[in-house]
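Let's take a walk through a protein model together. Have a look at the picture first, then read on.

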Amino acid sequence: MFNVLVVDDEPLICKGLGSLLAASGLEIGHIYTANSGFEALDVIRMEEVDLLVTDIQMGAMNGIELMQHAKLAKPWVQTIIISAHETFQYAQMAVRLGAKDYLIKPLNSEHFLDSVRNVLLKMDKPSPELATFMAGIGESFRLEEPLPEYSRLLNALIEEPASVLGDEQKLRKLDELKLQGPFFSVIKIKLPLPEEDGEKKYTSRDWELLRYAALNIAKELLDQEWSTVAFYSPEEEITVVIQWDEKTYEESAVGQINRLDVLGRTLHLNIHKYLHLNAVIGISQILKGLSFMDVLNRQASKAIQWNKEHSDYYVFYYGDFNWSSYAADPSAEELHTHSNLIVQKAKEYIDENYAQKGLTIHEVAKKNHVSPNYLSYLFKKNTGHNLWEYVIKLRMEDSREMLLHTDLRRYEIAERVGYESPEHFSKIFKKYYGISPSELKK
């Protein structure tokens with residue numbers, strides 16, 4: 001059963017789409033509704049949501065922004081965008097962020113349900129390539145490394161770009177791959193070598209198949225939204241070179257790192273889902289020019305090394321770690337101190353700003369110069385509870401005190417603790433305390 005969240009600033013539309021979904025006969029467990037992007041974010045953080053259906057123009061936070069925040073919180077959430085305007089720019093941005101459909105109001109009921117049905121049917125279904133792999137592992141068929149001559153060329157490029165860029169023959173070969181950029185990032189996927197009782201769990205042949213399947217998972221995900229080249233590298237790694245042209249990069253330069261973070265988490269989730277391997281993902285920064293490929297390669301490799309310190313965490317962005325503060329690789333004690341400092345500063349910022357309307361994890365992370373994903377991980381690891389749970393805890397405790405000791409009305413209290421609507425505040429309050437604000441007041 002799947003859970004669906006419908007978001008629109010017109011309550012009647014939410015109610016209508018909710019009723020349509022409830023009577024559709026689809027495998028839907030819960031249908032949640034929200035009337036703003038911020039309300040929707042609370043639902044996504046607190047409930048299990050599989051599909052987000054959102055309007056695109058909703059005031060303070062539009063559907064594109066909501067989609068970005070939803071992907072950061074839970075990369076597996078799928079999205080259908082609905083809009084009263086057939087705006088090419090919005091449609092293009094939605095597709096780049098992975099929206100499964102872009103529907104124009106007024107909605108055709110049959111068309112809408114077909115779109116939802118198509119998304120739900122594909123949500124938990126392996127691709128034909130993966131299905132073939134899973135059925136065929138152990139069977140005897142010849143496996144060829146895909147485009148080995150290109151793999152050798154690309155590995156040379158990321159290790160010593162001058163040796164490739166200064167060779168006309170290699171440059172012509174490189175042109176065939178259409179690596180034009182000019183902006184690039186490198187992602188490293190390191191596959192673990194599972195062992196049982198001190199011995200390798202897989203034969204060398206099975207391991208080749210696993211690596212081949214992981215490469216196919218990466219290609220299937222990447223080909224949907226990104227301009228990339230993926231290939232095998234030494235040390236049981238898969239390397240992905242991502243590129244942007246000037247226009248694409250400038251359109252959403254601020255959000256590209258967050259998109260890479262979501263991509264890294266999605267890669268890890270899918271490799272674990274289909275291959276039962278905890279792949280470690282290292283993500284470089286974004287630099288301009290092929291001449292910096294060796295720098296990006298080293299950054300991605302260095303990011304992966306942090307898995308030794310955080311063995312229960314698998315996606316690492318190079319920019320999350322303040323490498324310039326250390327003359328050499330930091331010690332375990334220095335890493336621990338640095339992590340505690342990040343969490344401490346995050347708590348201080350939340351303590352001062354929890355009542356701010358529209359506060360997001362992204363904002364807290366930005367103040368700490370780390371990615372939202374890494375901050376969430378550190379916060380949970382160091383405090384024992386989720387970062388957004390901490391925000392809600394402060395809001396609820398504050399609102400409870402005001403309900404018990406002041407004559408403020410519900411809408412005034414909701415306003416003071418950061419909620420746009422008293423109805424949404426009441427929903428959160430009842431979920432947190434088990435009784436409504438009015439019941440507590442009585």
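Helices α17 and α19 sit roughly perpendicular to each other (a label for angles of 65 to 115 degrees). Helices here are DSSP runs (H or I) of at least four residues, strands are runs (E) of at least two, and both are numbered from the N terminus.

Before going further, a word on the ground rules: this is a predicted model, where local features need pLDDT of at least 70 and side-chain atom pairs count only at pLDDT 80 or more, while totals for chains, interfaces and linings use all residues. Residues are numbered from 1 along each chain as its sequence is written, and side-chain values use heavy atoms, with hydrogens and water left out.

Back to the pair: α17 (residues 387-405) and α19 (residues 422-433) pack at about 100°, and their axes are 11 Å apart. Axes are lines fitted to C-alpha atoms, for helices over the stretch in contact, and angles between N-to-C directions run from 0 to 180 degrees. Among the α17 residues that meet α19 are Met-396 and Leu-403, and the α19 side includes Phe-425 and Tyr-432; contact means heavy atoms within 4.5 Å.

## A strand tucked inside

Now find β10 (residues 237-244). Eight of its eight residues are buried, so this strand is largely enclosed by the rest of the structure. Buried means under 20% relative accessible area, using a 1.4 Å probe and protein chains only. Glu-237, Thr-239, Val-241 and Gln-243 point one way, while Ile-238, Val-240, Ile-242 and Trp-244 point the other.

| Partner strand | Bridges to β10 | A bridge pair |
|---|---|---|
| β6 (residues 183-190) | Eight | Phe-184 with Gln-243 |
| β9 (residues 227-233) | Seven | Ser-233 with Glu-237 |

β9 and β10 also form a hairpin with three residues between them, and Glu-235 in that turn has a positive phi of about 65°.

## The open sheet and Asp-55

Elsewhere, five strands make an open sheet in the order β2-β1-β3-β4-β5, with parallel pairing. Its edge strands are β2 and β5, each pairing on one side only.

Asp-55 belongs to β3 (residues 51-55). Is Asp-55 buried or exposed? With a relative accessible area of 5%, Asp-55 is buried. Its contacts include Asp-8, Asp-9 and Lys-105. An unreviewed UniProt entry places "modified residue: 4-aspartylphosphate" at Asp-55.

Conventions
UniProt positions renumbered as here; feature names shortened; annotations may be inferred. Buried < 20%, exposed > 50% of the residue type's maximum accessible area, 1.4 Å probe, protein only. Parallel < 35°, antiparallel > 145°, perpendicular 65-115°, else oblique. Pairing = 2+ DSSP bridges. Lists of a residue's contacts leave out its neighbours within four places in sequence.
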